[in-house]
Amino acid sequence: MAKTATIKAKKPAAKVAAKTTPKAAAKAAAKPTAKATAKPAAKAKAKPAKKPGLKLSMLKPSVNNMTVRVFARAAGFDAAETDAWGHTRSPEYMARNPAHLTPMIEDKGLPRGVLWESCAIMQYLANKHGLEKFYPTAPAKRAMVDSAMFYLIGTLYPYVARATYPALGFPHYAGEVGHSDAHPDKKSEAQKAAMAAIAEPLEVFHSFFRDGKPFIGGKHPSIADIRLAATLEFLAVIDYALPKWTKEYMAAIEKKLGKAYAEPAGDVRGYIAHVKSQAKG
């Protein structure tokens, strides 16, 4: 009986000993430590990378310039803006930018130190800083953004420029009817023809590039969306009857981007309001 009692008494003791072996104790001690060290590491990874400052020469009333100003703000760049009004043909500016265009950014990483053309600037900055939500890296998605942007620059924007530049007081490009010595009636006819032509490319953006999506970029505005919305802003100067979808589209972009869109757009809208008030006076 004594042996049996001794054996029974030893079994629980053996179980306790098994549970508290040095190896088990080490594992138990390691668990809290692993959790404690994992949390700070996760927080460190969550911190967004700080983007460098951006030197931007621009003109506030310009749609091309508005495009980059919106993008720079929306992407989180600390942009130092220089108003280049009246300085784009100065020897200093021309030495860096012989095309005398704005917007222009300065970056040491560029072969010539500067870059102009709004779309090229957005593409460069998005590529350099991995801004996927503005400019997707997947070839098919990127192709659609590029196609929409180039279609805008090559087709829609020339119509918008011909239709709005006379009212805005902007000089036409060399070779345009508005820049020629043609009779004012001919210039007026060309302006009206351009206004009439705007509807077709607008529908292409609506039915093809957006295709039921909130934006060309999908759920988030892409660089093509920013360029399109900025272009549409200019049509207010001629009281162009925008389709309902464009008004909703522009409002959605402004809501999504907030002050990043509203502040540069405010400069363009303010200039248009000034031009229209001068025309009435």
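Helices (H or I, at least four residues) and strands (E, at least two) are taken as DSSP runs and numbered from the N terminus. The structure is a predicted model, in which local features need pLDDT of at least 70 and side-chain atom pairs count only at pLDDT 80 or more, while totals for chains, interfaces and linings use all residues. Residues are numbered from 1 along each chain as its sequence is written, and side-chain values use heavy atoms, with hydrogens and water left out.

By this assignment, the secondary structure of the chain consists of eleven helices and four strands. Of the 281 residues in the chain, 37% are buried, where buried denotes under 20% relative accessible area, exposed over 50%, and partly exposed the range in between (1.4 Å probe, protein chains only). The chain exposes about 16400 Å², of which carbon and sulfur atoms supply 60%; accessible areas come from the Shrake-Rupley method with a 1.4 Å probe, and for residues only the protein chains shown count as cover. Among the contacts (heavy atoms within 4.5 Å) with a separation of 6 or more, 66% are formed by residues 24 or more positions apart.

When residues up to four places away in sequence are not counted, Tyr-249 touches Arg-210, Pro-214, Phe-215, Ile-216, Asp-225, Leu-228 and Leu-232.

Helix 9 is largely enclosed by the rest of the structure, because eleven of its eleven residues are buried. The buried residues of helix 9 include the charged side chains Asp-225, Arg-227 and Glu-233, charged here meaning Asp, Glu, Lys and Arg, with Ala, Val, Leu, Ile, Met, Phe, Trp, Tyr, Cys and Pro counted as nonpolar and the others, Gly among them, as polar. The cover over the buried residues of helix 9 includes helix 3, helix 5, helix 6, helix 8, helix 10 and helix 11.

The largest pocket has a volume of about 990 Å³. On a 1 Å grid over the protein atoms alone, a pocket is an open set of points where a 1.4 Å probe fits, with protein on both sides within 12 Å along at least five of seven lines, and lining residues have an atom within 4 Å of a point. Grid points are joined across faces, edges and corners, and a volume is the space filled by probe spheres set on the points. The lining of the largest pocket comprises 32 residues, with Leu-59, Asn-64, Leu-101, Tyr-165 and Tyr-173 nearest its centre. This lining divides into 18 nonpolar, eleven polar and three charged residues. Helix 3 (63-74), helix 5 (118-129) and helix 6 (139-168) each supply at least two residues of the lining.

Several backbone features occur in loops. The loop between helix 4 and strand 3 (104-106) holds His-100 and Pro-103. The peptide bond from Thr-102 to Pro-103 is cis, with omega near 0°. His-100 is not a glycine but has a positive phi of about 45°, and this residue is partly exposed at 25% relative accessibility. Ser-90, in the loop between strand 2 (78-83) and helix 4 (91-96), is ten residues from His-100 in sequence, with a C-alpha to C-alpha distance of 8.7 Å. Ser-90 is partly exposed, with a relative accessible area of 23%. In the loop between helix 8 and helix 9, Asp-211 likewise has a positive phi, near 50°, and is exposed at 54% relative accessibility.

Two further residues illustrate pairings across the sequence. Glu-81, in strand 2, is partly exposed at 27% relative accessibility. Apart from neighbours within four places in sequence, Glu-81 is in contact with Leu-56, Met-58, Arg-69 and Arg-73. Val-275, in helix 11, is buried at 12% relative accessibility. With the same exclusion of neighbours within four places, Val-275 is in contact with Ala-167, Leu-168 and Val-237. Val-275 and Val-237 are 38 residues apart in sequence and 7.7 Å apart in space, C-alpha to C-alpha.
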